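Hello,

Here is the structure I promised to pass on. My notes on it follow below.

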Amino acid sequence: MSDAVGYDTEGRIAVLTIDNPPVNALGIAVREGIVAQMDRAAADADVDAIVLLGAGRTFPAGADIREFDQPTREPHLIAVVDHLDTIEKPIVAAIHGTALGGGLELALGCHFRVASPTARMGTPEVNLGIFPGAAGTQRLPRVAGLDHALELIVLGKPIDAARAKDYGIVDGIIEGDLRAGAVAFASTVVADGTPRKISSEPRAGIGTPEDHAENIEKYRDLANRRMRGQDSPHQALDSVVDGLKMPYDEAVAADRKRFEACKNSDQSKALRYAFFAERDASKIPDIGKEVAPRDIASAGVIGAGTMGRGIVVSLADSGFPVTVVETSQEAIDTGLAEIGKTYDAMVQRGRIDAAEKDARMARITGAVGFDALADADLVIEAAFEDLNVKKEIFAKLDGVAKPGAVLATNTSYMDIDAIAAATSRPGDVIGLHYFVPANAMRLLEVVRPAKAAPDAIATGMALAKKTGKVGVLARVCHGFIANRSRLPLVREATFLVEEGASPARIDAVLTGLGMPMGPLAVSDLSGLDVSWRMRLSLADQHDPEVRYMHLADRMCELGRFGIKAGKGWYTYEEGSRRPTPDPETEAIAIEVAKEQGTARRDISDDEIRERCLYAAINEGAKILEEGIAARASDIDVMWLHGFGYPRWRGGIMYTADEIGLAEIHDRVCAFHAEHGKQWAPSALLARLAEEGGSFTG
Ligand code: T1G
């Protein structure tokens with residue numbers, strides 16, 4: 001008998017328990033086990049009905065994604081689901097945790113479904129570049145109706161148990177002991193002689209494709225807008241439409257072909273890579289699960305500017321009492337008022353209700369001076385980006401903060417070893433680099449200075465998980481992983497403007513790759529003056545052999561800081577963020593090019609793409625060889641969550657492997673010869689290109 005699926009009985013009810021930690025993924029052993037134990041129950045004369053549930057934390061959370069790169073072994077999941085139609089005794093799925101993808105399809109194969117109140121369910125397969133491949137595109141519309149099915153399948157967002165009941169997916173919510181409740185439900189079904197509900201059977205009045213044309217178009221449009229460039233949501237729609245005009249078996253046959261094509265697509269391989277890359281990012285090679293994070297019951301934030309306020313909201317949203325301090329009462333009043341506006345906007349958008357806003361605001365306290373931080377378990381400094389200012393703050397904080405408090409800086413590129421050295425407790429100092437807006441952006445760069453204690457780092461990574469962020473670890477260098485790997489892309493973009501390419505053209509090449517915005521439009525959004533101030537503060541350290549961003553400086557000297565100044569690389573109408581090309585920018589570029597002796601010429605889209613992307617990849621390779629990043633996939637997770645790099649391309653390092661490192665290295669060497677030292681090839685890139693290796697393999 002299968003170890004993956006347990007069998008026992010309660011009275012005349014067989015209870016089948018799937019046990020394949022951590023998430024009961026429906027790998028081959030589980031699939032075989034379900035069929036074997038179902039047949040056993042079907043043949044068991046002492047059994048009238050069957051309950052199917054998951055051991056541990058969840059009902060199956062889907063097919064085993066790790067099996068996707070191998071040939072699928074029989075029985076396929078769809079065969080398992082279809083087999084349940086043949087079992088004459090009622091089968092009740094008892095759902096807790098997250099019944100996702102194949103897990104929900106398995107439950108749809110069962111004849112009834114009950115769930116615990118906290119259960120969540122859905123079909124997130126589009127996030128993996130596929131779609132429900134075990135007849136979910138056929139059975140879900142028959143169970144929940146077409147609109148609800150399209151919502152779950154095309155948008156891929158799970159729903160809670162209450163909504164699942166409203167959608168007709170769940171027949172009952174079980175308060176308390178789920179197993180006992182499910183057994184009772186099954187006994188009632190038997191006692192009442194309630195007919196089995198076979199979800200592969202036609203649903204009366206489901207309608208034709210013509211009846212649903214408008215709705216289907218709506219979801220095609222949503223897919224184009226929310227998953228720009230992704231193919232599988234559209235394949236899923238085609239399968240659902242087939243289900244409205246073909247018999248089940250015929251529609252499933254067509255569906256299988258589409259599913260296999262999607263599963264073997266580059267997009268799906270990249271999305272699966274991204275899935276595991278995010279999970280791997282939370283694992284720190286030399287800090288194991290045995291290193292417990294410190295308890296964080298309360299937090300403090302220094303600075304109520306844009307970043308400070310976002311961090312306060314992120315912490316309060318996650319239930320932490322937060323004290324935010326400023327240098328004056330006026331500054332703290334302004335900061336709290338702005339935070340109030342952020343929550344008002346959330347209420348207006350229906351994300352939270354007024355009561356929840358009040359609850360979150362009640363967690364936030366404003367104060368003047370550091371004394372208010374004396375009891376905080378974690379303090380995050382979000383002050384002006386000036387090293388001396390930060391060292392001063394940490395020296396003062398050192399005198400106030402309680403022993404064992406984690407002291408974090410939100411700097412996006414400064415030397416945190418120097419900041420830590422300003423205290424008597426460098427082991428407690430880490431970097432927590434949030435991205436704008438800090439309450440919305442999912443990326444949290446956790447920076448590890450040389451003297452940081454392992455449990456201080458573990459605390460930073462745990463905070464990321466607790467606050468719904470994707471925490472990625474970086475060692476200290478200028479710009480850590482995120483900004484350091486992105487700066488070369490922005491640098492090349494500004495050089496390309498100087499050499500003759502228009503900002504709109506450069507941004508179009510990058511958005512053409514799937515980026516939400518181009519580098520120059522992003523600079524206008526975040527403000528050209530931010531990196532200008534950084535360049536000025538490092539002017540004495542600039543290597544004269546490395547080409548300097550003269551044009552970007554000139555833009556700032558002319559006050560073209562971006563949206564906040566109404567003009568940057570583009571111009572902006574008052575109150576608008578819509579970039580309008582500005583011939584003035586070209587005039588400035590021509591002037592600077594003349595001063596710098598830069599030849600202006602026609603530049604191809606390929607050169608724009610290569611110079612922008614390969615500059616970031618080459619720098620990523622240097623970050624890897626220096627050990628600033630623990631693995632290439634960490635760099636990719638940064639780009640996915642920090643810079644909106646399209647998930648279906650995996651990340652810049654994954655893309656480099658797709659293109660081939662020999663090709664990348666050749667181009668980098670060519671640019672090095674033509675454009676100078678900033679293109680010095682990474683030694684790691686050169687070696688891997690030589691060996692036919694890869695970054696992420
Ligand atoms: N297959 C293999 N491993 C999985 C897995 C899966 N489906 N889901 C999770 N894991 C591993 C994960 O890598 C990690 O491993 C550990 O479990 C804990 O996960 C036919 C074809 C369930 C909400 O897309 O969304 O069904 O890093 O860290 O934050 O139609 O995992 O510890 O070694 O994420 O609590 C559809 C994917 C599959 C759901 C739990 N299902 N999983 O989140 O823990 S395709 C999904 C999740 C499919 C059918 C098709 C989340 C979670 P490790 P975790 P978590």
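F671 counts as buried (under 20% relative accessible area; exposed is over 50%, partly exposed in between; 1.4 Å probe, protein chains only), with a relative accessibility of 2%. W679 is buried too, at 0%.

A word on the basis. This is a predicted model, where local features need pLDDT of at least 70, side-chain atom pairs count only at pLDDT 80 or more, and totals for chains, interfaces and linings use all residues. Residues are numbered from 1 along each chain as its sequence is written, and side-chain values use heavy atoms, with hydrogens and water left out.

**Aromatic pairs**

Rings of Phe, Tyr and Trp (its six-membered ring) pair if their centres lie within 6.5 Å; planes under 30 degrees apart are stacked, over 60 edge-to-face, the rest tilted. That rule gives 9 aromatic pairs. One of them is F131 with F259: edge-to-face, 5.9 Å between centres, 85° between planes. F131 sits in the loop between strand 7 (120–122) and helix 4, F259 in helix 10, so this pair ties together parts 128 residues apart in sequence. Both F131 and F259 are buried. F671 and W679 have ring centres 4.9 Å apart and planes at 45°, so that pair is tilted.

One aromatic cluster is made up of F435, W639, F643 and Y645.

**Charges over rings**

The test here: NZ of Lys or CZ of Arg within 6 Å of the ring centre and within 35 degrees of the ring normal. R486 lies over the face of F643, 5.4 Å from the ring centre. R547 does likewise over F495, at 4.0 Å.

**Helix 4**

Helices (H or I, at least four residues) and strands (E, at least two) are DSSP runs, numbered from the N terminus. Helix 4 covers residues 136–144; 9 of its 9 residues are buried, so the rest of the structure largely encloses it. Its buried residues pack against several elements, among them helix 2 (77–85), helix 5 (146–155), helix 9 and helix 10 (248–263). G145 follows helix 4 and has a positive phi, near 90°.

**Q235**

Q235 lies in helix 9 (residues 232–245). Q235 is buried, with a relative accessible area of 19%. Which residues does Q235 contact, leaving aside its neighbours within four places in sequence? They are F131, R258 and C262, where contact means heavy atoms within 4.5 Å. Q235 and M461 are 226 residues apart in sequence and 37 Å apart in space, C-alpha to C-alpha.

Best wishes
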